[in-house]
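Subject: Structure handover

Hello,

Here is the structure I promised to pass on. Please open it first, then read my notes below.

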Amino acid sequence: MNDELIFKKSSYSSAQSQNCVEVADLPCGAAVRDSKHPTKGHLPFPSAEWTVFLRSARTSQS
């Protein structure tokens with residue numbers, strides 16, 4: 001399933017940074033993986049959990 005997903009780094013990550021996570025859209029949420037070990041798999045998150053995580057992350061940045 002990893003081959004079918006298109007993972008992206010955050011726009012906040014620098015091009016040289018290898019210590020970050022990557023995110024891919026899923027039909028019902030998002031998948032997250034370690035950019036240093038992309039072949040080790042990913043963690044899927046349902047839409048509701050992903051939405052709460054993003055809301056929390058955005059709130060903590062303000």
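A residue is called buried under 20% relative accessible area, exposed over 50%, and partly exposed in between, with a 1.4 Å probe and protein chains only. Trp50 has a relative accessibility of 17%, so Trp50 counts as buried.

Some ground rules. This is a predicted model, where local features need pLDDT of at least 70, side-chain atom pairs count only at pLDDT 80 or more, and totals for chains, interfaces and linings use all residues. Residues are numbered from 1 along each chain as its sequence is written, and side-chain values use heavy atoms, with hydrogens and water left out.

The sheet

Helices (H or I, at least four residues) and strands (E, at least two) are DSSP runs, numbered from the N terminus. Four strands make an open sheet, in the order E1-E2-E3-E4. The pairing is antiparallel. (Two strands pair if DSSP finds at least two bridges between them.) E1 and E4 (43–46) are the edge strands; each has a single partner, so one side of each lacks a neighbour in the sheet. E3 (residues 29–34) and E4 are joined by 4 bridges. Val32 has Leu43 in E4 as its bridge partner.

Arg33 also sits in E3. Arg33 counts as buried because its relative accessibility is 17%. The side chain of Arg33 makes a polar contact of 2.7 Å with that of Glu22. (That term means a pair of N or O atoms within 3.5 Å; within protein, one must be able to donate a hydrogen and the other to accept it, and residues adjacent in sequence count only if both atoms are side-chain atoms.)

The cysteines

How many disulfides does the structure hold? It holds 0. (A disulfide is a pair of cysteine sulfur atoms within 2.5 Å.) Cys20 is buried, at 11% relative accessible area. Cys28 is exposed, at 59%.

The pocket

A pocket is an open set of points on a 1 Å grid over the protein atoms alone, where a 1.4 Å probe fits, with protein on both sides within 12 Å along at least five of seven lines; lining residues have an atom within 4 Å of a point. Of its 16 lining residues, Ser10, Val23, Trp50, Phe53 and Leu54 are closest to the centre. Helix H1 gives the most to this lining, with 7 residues. Trp50 lies in H1.

Best wishes
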